[in-house]
Amino acid sequence: MIEIETFSSEETYELGRRLGTVLKAGAIICLNGDLGVGKTVFTTGLAKGLGCTDDVSSPTFTLIQEYHGGRLALYHFDVYRIADISEMDEIGFDEYAFGDGVCVIEWGSMIKEILPETSYEKPANTVHIDSLHDLLQHGLMKRHHMEMKVKRISETEAKLTFRIVPYENEKYRCKLFVTIPPLHFCGLIEKITVTAKKISILDLCGEEDTVLFDLIVGNKFYFYGREVAEISADLIYKKPVRKGKNYRFVSVSFYPGGKRYDYLCELALAPGDQAVVMTSHGETVVTVEAIFEKTESELALPLTQYKRILRKAE
């Protein structure tokens, strides 16, 4: 796989233009990334390279824009807002994908099930874990107690499931913040499951299959200073499956350098834009610092607890 990094809109445009000069009919390009990263700029350059003279705009609300007049037709899709993948059948997606033009698909990962295998690179979904402490450090830092459930699969293999033990008066479910760079995963999840293979030691107190702990040192687990388990194994972590609909959020600040707050947003905003939110003091203008998306399963709070951006500030 070739990685090319650009550092300006001009470089992104030029990359698209050069690619457009060599693409062949039937090519499919998938673009993924937050708002403002250059998807439309790249597509504009690609259209130029194909010889299209029309102005390119993002088809956010039209699903597809067609550009003709170049050596190949350009079909520009934005599938972020589709409610169901069947909508692609309704517009005759196969005719575009296997036709005589070039397809550019923003948020192509959302419809990878219907894309040709070579048009979407499936990332690895498992990784070896060297340190359980590193994997669980967020829970260990934030809470006094964590729980490990052990499900034996065979004499040499087991499933280890970890979660934060909630306090009695907690209103919402506790979630762990997990970052796994090799899996391109960063998010909040309720529990972590690790496959332990080639177990050489699994020493639990008594016959319990559930262990409470508040400290990990090496491969030993402790609870209030007492060793409760010791695990030596080949640990494999599988990337969590994101569940539910994708929601778009913006992270905003109320003043430069201030704390950021996340709001639901369905508007076309970009980092640096100003927007209006409702606070206890009435409508307030904030600055958009970042834009991202999450599924409902990744949210720290129930969806109904998040406030929404009212409108873009004039």
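Glu283 is partly exposed, at a relative accessible area of 45%. Here, buried means under 20% relative accessible area, exposed over 50%, and partly exposed in between, with a 1.4 Å probe and protein chains only. This is a predicted model, where local features need pLDDT of at least 70, side-chain atom pairs count only at pLDDT 80 or more, and totals for chains, interfaces and linings use all residues. Residues are numbered from 1 along each chain as its sequence is written, and side-chain values use heavy atoms, leaving out hydrogens and water.

What does Glu283 pair with? Its salt-bridge partner is Arg311, with the closest N and O atoms 2.6 Å apart. A salt bridge means a side-chain nitrogen of Lys or Arg within 4 Å of a carboxyl oxygen of Asp or Glu. This pair links distant parts of the chain: Arg311 sits in strand E19 (residues 311-312), Glu283 in strand E18, 28 residues apart. Strands (E, at least two residues) and helices (H or I, at least four) are DSSP runs, numbered from the N terminus. Arg311 is partly exposed too, at 39%.

Next, Glu289 and Arg260. Their side chains form a salt bridge at 3.9 Å, N to O. Again, distant parts of the chain are linked: Glu289 is in strand E18 (residues 282-295), Arg260 in strand E16 (residues 260-264), 29 residues apart. Glu289 is partly exposed at 28%. Arg260 is partly exposed at 48%.

Now helix H1 (residues 9-20). Glu14 and Arg18 both lie there, 4 residues apart, about one turn of the helix. Their closest N and O atoms are 3.1 Å apart, in a salt bridge. Arg18 is exposed at 56%; Glu14 is partly exposed at 25%. Arg17 joins Glu14 and Arg18 in a salt-bridge network.

The total for the structure: 7 salt bridges.
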